[in-house]
Amino acid sequence: MFWKIWISVLIVVLCIGSAVQGFVATKQSSNSKAPQILWWYDLQAPSFGSAAASDIDNDDKLEIVFGTYFNDENIYALNAEDGSLLWSYNTGGCNDASPVIADVDLDGNLEVVIPASSPSTVFCFDGMTGSVKWSRFTGTANCIDSPPAVADVDNDNKPEVVFGTFHGYVFCLNGEDGSICWQINLGTNSYIQSCPNILDINGDQKLDVVVAQWNGDHRIYALNGENGSTKWYSNQPSDWMYHGGSFADIDEDGKAEIAIGCYDNHVYVMNSEDGSPVWNYLAPFYVGAPTSIADLNNDDHLEIVFVSYNILGVLSYTGSLLWSYSASGNIFRGAAIADINGDDTLDVAFGAEDGKVRVLSGDTGQVIWTYDLQAHYGMVFNIDHAPIIADFDNDGKLDLFIVGGYGISSPETNNHGRAYVLSAGDGGNPGWPMFRHDLRHSAYYGENQIPNTPATPSGPSWLYIGQSGIFSTSATDPDGDQVQYRFDWDAAGAHDYSNWTSLVSSGESVNISHFWNSPSTYAVKTQARDEHGAMSNWSDPLTITIVQYGPPPSPPSIDGPTQGKAGVAYPYTFVSFNPESNDVYYWIEWGDGAQTEWIGPYPAGQIVTVNHTFTQKGTYTIKAKAKDIHGVESDWATLEVSMPKNSAFSFNFFFQQLFERFPHMFPILRHLLGY
């Protein structure tokens, strides 16, 4: 089915000499900074597509995840600082689609979601261990080249995973367990190999899905995120579309536009609300690579990066060509964008079939640096892999990850590959952490800003061992993104990280409980992470002291009338002593079904008087206990009282007080009155 690609390549080879003459020539920048190889990891096959980076094991360092082709057939998670293996998983087939990293089951930890193309299965891995949390088989012939996107498309406040397959299917899976939320078919003679774009196309505050067809009707479809029904489709393209579009407000009308390349040699820009055309650009060769969007020249307008076979070009927001650059081979996976050299102008990074990685200045196309990885590798090193960009070695500067090699489906035994990380430049911005930039595949570098530093955690200043405390924090995100938080319960020591909380709105507080098992003084800090994975600086610390439990308060001493009349209010006193002089509370059960719940606090040793009326004649046991301010409770204390008479004769109270004052006098009177 790929015969048309090879015909296109042949045409390119025949025509490239004359076609390139109309494009702007580029020169090596005189102030370029040479990159350095930081590490490499050898493979038995290349990786097609791209990778994703995030802190999947909660060690405060990035990890890199990618899949490999036939003869290797693994999903790899490498520690980004040195390339050591965190975990790997053999899927038993080729893995052509790029991964995403997200908390899809809302357990506070990151998962890796990646399709295994030829086994036609999507896997969800535990980010820390590589164990399979769930998998979804899509059908024997429904291979998956479509990199999944992640968002809450059905408005159930939980993320879904969206991707396409061969034979025209689009699947939407529930992130918590991989069950099918919906699936639709857009024509069995088509292939949905594009990255789904997830965006609100019509301003109804609900997310929709945009996909493109390889073969079939050559259409672009906008689907309802809740059920997959068609909202619109565009017949503008007249040939295959392999990679999906990118989206942003290109024409500055307050709505998103979609920019997509097509094998009919065009870049199409269309309105996302209805698919109507905005403009298109005719390139010299087929446009198979994905587009990217950013303000590359600081003119406050967006530019579109596209690739026409071996020519990378930049278009203005109105569709005119600003500059272009020609490589010596196909640039099939497009470009990543970041301010790599730290000059406050965005740059464009990409790999090519010739085995070289290049970084160009976004405003002029001037070469910042080139690295010949094929020369370093010593064998054929085709790069069919888009770079990702981040600070992988934690030195505050950007690095670049990319994979190349040689890979065919048969005979696969000749395949080989290598993953590289190179120092990229002095830039310290968030970079380009995954294929198509983010979980919704916007491919738009919108200068996503890291969340502001969270507030110093609030919570108790000391606790007993094993006693839980509630700790709170909040942070705002400059872009208004949702944020989640984690706490470091021992920031000045061995570090003890919590799981990430669920995403909440910018500025919304979160509460989390924690206890310690060892007495000491601890520093508690917190960090925020936005929905794109950008992490804030750590907060200032809250200092908390954990102590051994002291002795509990003494059982309260209860004093008051032990006999009396029903219906009369009597005063009873309670007092408890605390060796640590903490305040105390009292819980009183009167024995008649009434109780007084945790009154206080009162200073330890202070007599507390509480009145109570027994409404019925009888004998009652008053029970009371005390607790200190830390919740440590005393044993129960009791006092038995009797109310043998009712209060019909008002003079009884007089005699009760008299007999209590003179306990050994008036024995005959006592007998007559029942005392």
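**Close-up views of a predicted model**

**View 1. Aspartate 105 and its surroundings.** Leaving aside residues up to four places away in sequence, aspartate 105 touches Glu111, Lys133, Gly175 and Glu176. The model shown here and in the views below is predicted. Aspartate 105 belongs to the loop that runs between strand 6 (100-102) and strand 7 (111-116). Is this residue buried or partly exposed? Its relative accessibility is 21%, so aspartate 105 counts as partly exposed; the cut-off for buried is under 20%. Look also for cysteine 124: it is 19 residues from aspartate 105 in sequence, and the two C-alpha atoms are 9.8 Å apart in space.

**View 2. Stacked phenylalanine rings.** The structure holds 39 aromatic pairs. One of them joins phenylalanine 123 and phenylalanine 125, a stacked pair with 5.6 Å from centre to centre and 15° between the planes. Phenylalanine 123 and phenylalanine 125 are both buried. A second pair to look at is phenylalanine 163 with phenylalanine 171: the ring centres are 5.5 Å apart and the planes meet at 10°, so this pair is stacked. Phenylalanine 163 is buried, with a relative accessible area of 0%, and phenylalanine 171, at 3% relative accessibility, counts as buried too.

**View 3. A cluster of rings, and two arginines over rings.** Which residues make up the ring cluster? Ring pairs link Trp214, Trp240, Tyr242, Tyr263, Phe285, Tyr286, Tyr309 and Phe332. Elsewhere, charge meets ring: arginine 436 has its charged end over the ring of phenylalanine 435, 6.0 Å from the centre of that ring. Arginine 529 lies over the face of tryptophan 500, and here the distance to the ring centre is 4.1 Å.

**View 4. Strand 34 and its two partners.** Strand 34 (residues 416-423) is mostly covered, with 7 of its 8 residues buried. Strand 1 (residues 37-43) pairs with strand 34 in the antiparallel sense, over 6 bridges. Within this view, tryptophan 40 stands opposite tyrosine 420 of strand 34.

View 5. The strands follow the order 27-26-25-24-35, and their pairing is mixed. Serine 308 stands opposite isoleucine 311 of strand 26.

**View 6. Two nonpolar cores.** The largest nonpolar core has 42 residues, and Leu312, Leu373, Ile389 and Leu400 have the most contacts inside it. Apart from it lies another core, of 28 residues, which includes Ile56, Ala77, Val122 and Phe125. Zooming in on leucine 373, and not counting residues up to four places away in sequence, you will find that it touches Ile37, Gly355, Val357, Phe381, Ile383, Ile402, Tyr420 and Leu422.

View 7. The domain assignment gives domain 1 (36-423), domain 2 (455-547), domain 3 (557-643) and domain 4 (647-674). Between the C-alpha centres of domain 1 and domain 4 the distance is 95 Å.

Technical notes. Residues numbered from 1 in each chain as written. Predicted model: local features only at pLDDT ≥ 70, side-chain atom pairs only at ≥ 80, totals over all residues. Heavy atoms only, no water. Pairing = 2+ DSSP bridges. Helix = DSSP H or I, 4+ residues; strand = E, 2+ residues; numbered from the N terminus. Core = buried A, V, L, I, M, F, W, Y, C linked by side-chain atoms within 4.5 Å. Buried < 20%, exposed > 50% of the residue type's maximum accessible area, 1.4 Å probe, protein only. Contact = heavy atoms within 4.5 Å. Phe/Tyr/Trp six-rings, centres within 6.5 Å; stacked < 30°, edge-to-face > 60°. Lys NZ or Arg CZ within 6 Å of the ring centre and 35° of its normal. Domains from an automatic or database assignment.
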